[in-house]
Amino acid sequence: MSQGDIEKEGVVESTLGQRIAVLLASIMGSSMAFVNGTAVTLALDPIQAGLNASLGEMLWVASIYMLFISALMLIGGAIGDFYGRRATFIAGVILFTIASIGCAAAPTAEVLIFARAIQGMGAALLTPMSLTLLSDYFPRKSRGMAIGIWSVASAIMTAIGPPVGGWLVEFASWRMIFILPLPFGILSMLIAWWFVPKRPPARIPDRIDWAGALLAIIGFAGIAYGFITLSEPHSAHKSLEWGVPIGIGLVALLLLVIVEREVKSPMMPPELFGISTFNAINVITFLLYGAMGGIFVFYPIFLTDAFGFRMNEIGVAFLGFALPMVIFTPLSAKLARRYGVRMMLATGSLVGVAAFASMGLAPWSGTLAGVFGSITIFGAGIALVVPGMNTALFNATPEHSHGVASGINNAAARAATLFAIAGYGAVAGWAFYKVAEKNPVVSAVGYGAGDELVGLNAANYREAMIYSFEMLAWVSIALCFLAFIVAMFFIDPSIEKSHPHGHEGEEEAQSTGIRRIFGASLGDRTDVDEDDD
């Protein structure tokens, strides 16, 4: 490629070896977050036992990570533009690595919660930068191949997280879950530091929307704190303890809307929210990721406490998620062209209904074969929904706004997971104590801490856990059905028309769909698109 072509595309002039280094650093850094994210879910029950933590503390362990990702991811790209993408990526990897050591060594639940917050900050920096680096250093003709390699590696790392995590928890220690990402982080940091060339930012924003980010943190934290407080026994009568934080959170989010309308460089441009289909897509995202993010925190605990499965057995059963992803994701563009994006979103939402009913309400829900089948059905739903969601997202928004629109949609997914973890905790606690209140021993032990119970107490505890998870399954079913309604009646039919750029646009939407499944968000940033023009 000539120097003129390089400048036109806005990529850094680099050797083949340097581009390989960029790809390796990106894969290693993002893999650290992917492996940690899927493995930690299986470790919550052992962590609770090991640290003698309450249900509320375990919910904070799971949710505070999402709190900082969802609140800071939208400015993660702007930070990279302002301070340099390579430097921001390295800073995110260092933060995540140090925080992982803190998680592994945490002597108390409070220390673990603090370390998980730092992990979330690191992930908010490294995740959007991992793909933006590929856009910076790979010319357009080879960028698709680089992203494809990254996506395959991401799929592998996400798939091996549950079985490896389950094995470590069962035969080593839950602390090893947080040691697992360290080799990835160290390799990524060294490769990026020594072999990835520096590049001046292609576009320096006027300012970083720190006010918006702070209001988002306060808003999300207030609502999450209120719902998590509701998960504790007899908390419904303590309205000030949960009502005030929720009120503060709602006020902060209202102020966020006002600030975003007035600030010079908003992280959420208000004009995008004037597009009705864009709003509908975000609502569908919020509903489906809420249904998924909430129930999967409690699914391993339910399977362990109610049916006695080992964590390594659950981890292997969770591999069912990968099978439909491999089968359906490559076909998603063809399916969308034949049946329409709206039908893809609606069908995927109904598949979610079937998956959650299978998890919590079917006769086989207490068997490992049933777990594998339920996870497989769920994977099929995600494989149908996510690529179609991104096709609709690209077709509904102006081309110059694709990057920020994708970022907002990803932030909606993570905010949904945050609120779902907290809200599902309130539902799980309420349902558990509704059954357990007739047995003072079970009620005193609390949710997720009944491993030592025997006899009638153990039977009552199991009954409470089953009832609790059934309620969560119904909530997820309801959320998926609402997503189906929104898809059928609020997605503009014209959105199903082909992308203005033809097959190139379809490939872009499909590849971004793969990226969204695994958590990267801002790979197609506005400034990158502008550079390529």
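1. Phe432 is buried, with a relative accessible area of 0%; buried means under 20% relative accessible area, exposed over 50%, and partly exposed in between, with a 1.4 Å probe and protein chains only. Tyr447 is also buried, at a relative accessible area of 3%. The ring centres of Phe432 and Tyr447 lie 5.6 Å apart with planes at 75°, so this pair is edge-to-face. Rings of Phe, Tyr and Trp (its six-membered ring) pair if their centres lie within 6.5 Å; planes under 30 degrees apart count as stacked, over 60 as edge-to-face and the rest as tilted. Phe432 belongs to helix H17 (residues 402-436) and Tyr447 to the loop between helix H18 (440-445) and helix H19 (455-490), so the pair ties together parts that are 15 residues apart in sequence.

2. A word on the basis of these values is needed here. This is a predicted model, in which local features need pLDDT of at least 70 and side-chain atom pairs count only at pLDDT 80 or more, while totals for chains, interfaces and linings use all residues. Residues are numbered from 1 along each chain as its sequence is written, and side-chain values use heavy atoms, with hydrogens and water left out.

3. The protein chain contains 21 helices and zero strands. Helices (H or I, at least four residues) and strands (E, at least two) are DSSP runs, numbered from the N terminus. Of the 533 residues in the chain, 60% count as buried. Among contacts with a separation of 6 or more, 83% are between residues 24 or more positions apart; contact means heavy atoms within 4.5 Å.

4. How many aromatic pairs does a search of the whole structure find? The search gives 22. One of them joins Tyr65 and Phe96 edge-to-face, at 6.3 Å centre to centre and 80° between the planes. The pair links distant parts of the chain, with Tyr65 in helix H3 (residues 55-83) and Phe96 in helix H4 (residues 85-105), 31 residues apart. Both Tyr65 and Phe96 are buried. Elsewhere, one aromatic cluster is formed by Phe296, Tyr299, Phe302, Phe307, Phe309, Phe318, Phe321, Phe356, Phe378 and Phe469.

5. Gln119 is placed in helix H5 (residues 109-137). Is Gln119 buried or exposed? With a relative accessible area of 0%, Gln119 is buried. The side chains of Gln119 and Ser100 are joined by a polar contact of 2.9 Å. A polar contact is a pair of N or O atoms within 3.5 Å; within protein, one must be able to donate a hydrogen and the other to accept it, and residues adjacent in sequence count only if both atoms are side-chain atoms. Beyond its neighbours within four places in sequence, Gln119 is in contact with Asn36, Tyr65, Phe96, Ala99, Ser100, Cys103 and Phe178.

6. Phe298 is found in helix H11 and is buried, with a relative accessible area of 0%. Phe298 and Gly425 are 127 residues apart in sequence and 8.5 Å apart in space, C-alpha to C-alpha. Not counting residues up to four places away in sequence, the residues that Phe298 touches include Leu55, Leu59, Gly425, Tyr447 and Phe469.

7. Two loops deserve a comparison. Asn52 is in the loop between helix H2 (16-51) and H3 and is exposed, with a relative accessible area of 70%. Asn52 has a positive phi of about 55° although it is not a glycine. Most residues other than glycine have a negative phi. Ala106 is in the loop between H4 and H5 and counts as buried, at 0% relative accessibility. Ala106 and Leu51 are 55 residues apart in sequence and 9.0 Å apart in space, C-alpha to C-alpha. Leaving aside neighbours within four places in sequence, Ala106 is in contact with Leu51, Val111, Leu112, Trp174 and Arg175.

8. The structure holds two cavities of 30 Å³ or more. On a 1 Å grid over the protein atoms alone, a cavity is a set of points where a 1.4 Å probe fits but cannot get out, and lining residues have an atom within 4 Å of a point. The second largest cavity has about 80 Å³ of space, where a volume is the space filled by probe spheres set on the points, and grid points are joined across faces, edges and corners. Residues lining this cavity include Leu288, Gly348, Phe356, Phe378 and Cys480. H16 gives the largest share of the lining, four residues.

Notes. 1 Å grid on protein atoms, 1.4 Å probe; cavity = no way out; pocket = protein on both sides within 12 Å on 5 of 7 lines; lining within 4 Å.
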